[in-house]
Amino acid sequence: MVSLSVLLGVFSAATGTWMASAEGNTAQLGAAALVLPDERAGSGGGSGTDVAGRQVQTTTRPTTEAPAPTTSSATPTPTETSETTRPTTSEAAAPPPSTKAAARVAPSTAAQVIALVNDERANAGCKPLEEESHLTEAAQDYSDDMSARNFFSHTNPEGVTFDQRIKNAGYAKPGAENIAKGQTSAQQVMDAWMNSEGHRANILNCSLTKIGVGVTTKGWYWVQDFGY
């Protein structure tokens with residue numbers, strides 16, 4: 001039997017550092033990071049507040065599989081017209097309406113995460129978050145970076161914090177960030193985040209208005225970047 005072992009990132013408020021501990025067969029959650037509105041209005045250079053995330057099994061919260069995308073049915077075949085309503089020659093010469101179904105493209109994994117986030121926000125009475133291209137770029141670049149360089153933190157090896165990364169991507173009002181590693185579906189990572197107090201608080205923060213999601217399947221790194 002193959003034994004799975006992952007690294008659990010824990011933020012230490014006492015030391016201001018990340019500590020690593022080995023855990024078996026458990027996906028990871030980073031601390032939930034948040035920039036408060038009053039902090040954002042200040043000097044603008046703060047690194048945000050890290051709220052320690054709790055380690056959870058993704059099976060502790062009842063899951064509901066995201067519905068499979070549907071495809072539209074073919075255009076109904078026009079019924080035969082009577083002699084009195086038969087189209088004129090010029091009308092008959094026009095090409096018939098296309099009966100080819102307009103197939104719906106399955107939503108991306110990132111889009112599934114956003115849909116699940118907005119479902120949770122609707123249940124909590126918050127307005128839905130809108131996807132924002134700069135936040136999406138920041139989130140995707142960071143999930144790719146963590147995967148490529150094999151680290152897991154809101155701060156990269158060069159010391160750049162999540163709010164600085166969001167600003168560098170062109171979004172001036174960073175709000176929060178959730179990260180995770182090891183979950184293999186949108187539903188699974190959302191269950192993990194919603195079972196963690198700090199991550200759930202970011203998702204259900206009604207003051208936030210924008211979101212971008214990144215996911216990298218090599219190692220399954222997930223990033224949610226939020227904006228005011």
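**Close-up views of a predicted model**

View 1. S143 has its place in helix 4, which covers residues 133-149. This is a predicted model. The relative accessibility of S143 is 0%, so the residue counts as buried, the cut-off being under 20% relative accessible area. Once neighbours within four places in sequence are set aside, the contacts of S143 are G214, V215, T216, Y221 and V223.

**View 2. The whole chain, for context.** Seven helices and nine strands are found in the chain. Of its 228 residues, 37% are buried. The accessible surface amounts to about 12700 Å², and carbon and sulfur atoms account for 55% of that surface. Taking contacts between residues at least 6 apart in sequence, 67% link residues at least 24 apart.

**View 3. Helix 6 and what covers it.** Helix 6 spans residues 186-194 and is mostly covered, with eight of its nine residues buried. The buried residues are A186, Q187, V189, M190, D191, A192, W193 and M194.

**View 4. Crossing of helix 3 and helix 6.** Helix 3 is made up of residues 109-124. The axis of this helix comes within 9 Å of the axis of helix 6, and the two cross at roughly 40 degrees. An angle under 35 degrees would count as roughly parallel, and one of 65 to 115 as roughly perpendicular; helix 3 and helix 6 are therefore oblique to each other. The crossing of helix 3 past helix 6 is right-handed.

**View 5. Residues at the contact of helix 3 with helix 6.** From helix 3, the residues in contact are T109, Q112, V113, L116, V117 and E120. On the side of helix 6 they meet A186, Q187, V189, M190, W193 and M194. Sorted by class, this contact holds eight nonpolar residues, three polar ones and one charged one.

**View 6. L116 in helix 3.** L116 is a residue of helix 3. Its relative accessible area is 14%, and with the cut-off at under 20%, L116 is therefore buried. Leaving out residues up to four places away in sequence, L116 touches A186, Q187 and M190. The C-alpha atom of L116 is separated by 9.7 Å from that of D191, a residue 75 positions away along the chain. D191 is itself one of the buried residues of helix 6.

Conventions:
Residues numbered from 1 in each chain as written. Predicted model: local features only at pLDDT ≥ 70, side-chain atom pairs only at ≥ 80, totals over all residues. Heavy atoms only, no water. Axes fitted to C-alpha atoms, helices over the stretch in contact; angles between N-to-C directions. Helix = DSSP H or I, 4+ residues; strand = E, 2+ residues; numbered from the N terminus. Parallel < 35°, antiparallel > 145°, perpendicular 65-115°, else oblique. Left-handed = near helix turned anticlockwise from the far one by under 90°. Contact = heavy atoms within 4.5 Å. Nonpolar A, V, L, I, M, F, W, Y, C, P; charged D, E, K, R; others polar. Buried < 20%, exposed > 50% of the residue type's maximum accessible area, 1.4 Å probe, protein only. Areas by Shrake-Rupley, 256 points an atom, 1.4 Å probe, with all protein chains shown as cover.
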